[in-house]
Amino acid sequence: MGSSVETLEFQAETRQLLRLVIHSIYSNKDIFLRELISNASDALDKLRLESLTNSSLPETDTADLHISLEVDSDARTLTVRDNGIGMTRDDLVELVGTIAKSGTAGLLEKIKESKDGAAAESLIGQFGVGFYSAFMVADKVTLRTRRVGTDAGTQWDSDGEGTYDLQAVDGLAVGTSVTLHLKPADSEDGLADYLSPAKIRQVVKQYSDFIRWPIRMATERTDSEGETTRDVDTLNSMKALWARPRTEVTEAEYTEFYQQISHDWLAPAETIHMRAEGTFEYEALLFIPSQAPFDLFSRETKRGVQLYVKRVFIMDDCEALMPNYLRFVKGVVDAHDLSLNVSREILQHDRQISGVRRRLVKKVLGAIKTMQSNDAERYATVWSQFGRALKEGLLEDADNTKALLELVSAASTHDPEKTTTLRQYVERMKDGQDTIYYLTGETRAMVENSPHMEAFAAKGYEVLILTDPVDEVWVDQVPAFDGHTLQSIAKGQVDLGESTDGDQSTDAEKTQREQDFAALLPWLTNALSEQVKEVRLSSRLTTSAACIVGDAHDVTPTLEKMYRAMGQQLPTVKRILELNPTHPLITGLRTQHDANPDDAALPEIAELVYGSALLAEGGDLPDPARFTRLLTNRLTGAL
């Protein structure tokens, strides 16, 4: 020992802040070890840099820089020791003796106003208080340190209440040791047994596995003959693949790392390894899986990538770094300029994090686009697994709508097996066609057999077949692709070029049909007024008698069902019944109505025509029993 002990008091505001840190701020007490190991790692980094840049520094051995964890079960102490740069007495007072150099009073006021523990943690995360998290698990903390290039060492002691002691100490090695006199384990208070080697290993593996320096701990083992040996184990892997150049990492290493963080047994479909330098430095290692997880569309699905700060684990599922529609992306982002105590609340509103998110999203979408261009089979696999999720981005991410539309792949009438992109559809469009036609439905078979398809098939127009629930929504949100509007063939009027200015005979036929049906159409509109808002002649039917369509901006029946399933009640939307003027049933109905408009059978036939059209599109009959009875009576009368 050197000089006598000097006792110093924490400032009143600092004492209040310290009590908050110890008793109420951190819900997860394991992070104390993360904080201390991170501090030790910083000290090793500083010594390595100092030894390379400071020629006046005394010769220093940097060949075995490391962190040691030492357990003394009898004394109930856990020591975190490093052989890093160390601190002088003044460094110790500056870095450890002061929690917050400025703004403490304002911070305390905000914390008092906050009733939410998470909000309080987000506030405190902005100040350098990580070292003091040790008092969550310890009754007393002793720090001993000696800076490289000096002879004097210093010891700092505190119970975290109101004062701390300083004294000079002789004979210390260069570096720092922090000894925690641990509180008894208390499961109700979240206090684990931090003397347990298994618990220490678990915490190190979770939070500090990728620290670049070895974290060592002596472990006693007893063999089958009862002999006890003492071995020193390295607890962390130190394999931060994202910090290494891509040329130095093998595909096998990438796959192993992906499987470790994702718990997937397959290799990833794509690996994205990137580094950003400048005002905000970070490295990212992202993976696009080959197979969707079973809970991809569950509300409880966790999303986001792991966040590290200088190789120190901060949080799983950092939602601020990845949008919901890319929730399947796995990986790591290691930021260099964030606080270790950064909270989810701070991240959500951090401008630099928002910039990182934008770049990550563009990288992921760009990787899928490259896959689409260069490896169609791998792209098809990724789209089949994650296409539904990606299309959610068309509703959430206006900034990337164009990029997402380039990725969209859908079944179409062009090929019974292969899907097509919107770009490929546009390249195949007929001369004079400026619209991308589509039809939504539950299955491909239902869409292909829909009456709405008849005229398009007859005239050779390609139609996209959209069967994902999200398709019902995004097609209404996206106005166009590459200047071509998207139009449902089950909505609005359809003009496939039945007539031209020079085709007077066709125009004459159309006029004649309108005159022929002039009496029937308003009568049917009135007879079916509870079901439809209009009955009109169709230009989209060739073989079916009738079909039901909506106005251009009407909600589709499938979307209406989805809203109702979610508990959202919508006003009933009446649709339009279109009739095929050349179908024998419709011409017979017109003839019968012209001959005897008061025939009692006509309203029932009208109901059957409407019900048949409803069933043809996969709709639900409002009164199946009545429809069956009417149909049975008609069939009986025909025999």
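Reader: Let's start in the sheet: which residue in β16 is the bridge partner of Ser409?

Author: The bridge partner of Ser409 is Thr421 in β16. A word on the source: this is a predicted model, where local features need pLDDT of at least 70 and side-chain atom pairs count only at pLDDT 80 or more, while totals for chains, interfaces and linings use all residues. Residues are numbered from 1 along each chain as its sequence is written, and side-chain values use heavy atoms, with hydrogens and water left out.

Reader: Thanks! How many bridges join β15 to β16, and how do the two run?

Author: There are 3 bridges between β15 and β16 (residues 415-421), and the strands run antiparallel. A hairpin joins the two through 2 residues. Strands here are DSSP runs of E with at least two residues, helices are runs of H or I with at least four, and both are numbered from the N terminus. Two strands pair if DSSP finds at least two bridges between them.

Reader: And which way do the residues of β15 point?

Author: From β15 (residues 409-412), Ser409 and Ala411 point one way, Ala410 and Ser412 the other way, and all are buried. Buried means under 20% relative accessible area, exposed is over 50%, and partly exposed is in between, with a 1.4 Å probe and protein chains only.

Reader: What about β18, how many bridges join β15 to it?

Author: β15 is joined to β18 (residues 464-466) by 2 bridges, again in an antiparallel arrangement. Ser412 has Leu464 of β18 as its bridge partner.

Reader: So what is the order of strands in the open sheet?

Author: The order is β16-β15-β18-β17-β20-β19, which makes 6 strands with mixed pairing. The edge strands are β16 and β19 (480-481), each pairing on one side only. β19 pairs with β20 (residues 484-488) in the antiparallel sense over 2 bridges, and Ala480 stands opposite Thr485 of β20.

Reader: My viewer flags Asp482. What is its phi near?

Author: Phi of Asp482 is near 55°, a positive value in a residue other than glycine. Most residues other than glycine have a negative phi. Asp482 sits in the loop between β19 and β20 and is partly exposed, at 48% relative accessibility.

Reader: Changing topic to helices: at roughly what angle do the axes of α2 and α6 cross?

Author: The axes of α2 (residues 31-53) and α6 (residues 197-207) cross at roughly 65° and come within 9 Å. Axes are lines fitted to C-alpha atoms, for helices over the stretch in contact, with angles from 0 to 180 degrees between N-to-C directions.

Reader: Which residues make the contact?

Author: On α2, Ile31, Leu33, Arg34 and Ile37 take part, and on α6, Ile200, Val203, Val204 and Tyr207. Contact means heavy atoms within 4.5 Å.

Reader: Ile31 again: how far apart in space are Gly130 and Ile31?

Author: Their C-alpha atoms are 8.8 Å apart, although 99 residues separate Gly130 and Ile31 in sequence. Gly130 lies in the loop between α5 (117-124) and β4 (138-146), and counts as buried at 8% relative accessibility.

Reader: Good to know. Which residues have the most contacts inside the largest nonpolar core?

Author: Those are Leu326, Leu360 and Trp474, in a core of 76 residues. Such a core is a set of buried Ala, Val, Leu, Ile, Met, Phe, Trp, Tyr and Cys residues joined through side-chain atoms within 4.5 Å. Helix α9 (residues 351-374) gives the most to this core, with 9 residues.

Reader: What does Trp474 touch?

Author: Leaving out residues up to four places away in sequence, Trp474 touches Lys391, Leu394, Leu395, Leu405, Val408, Leu466 and Leu486.

Reader: Last one: how many helices and strands are there in the chain?

Author: The chain has 21 helices and 23 strands, and buried residues make up 47% of its 639 residues.
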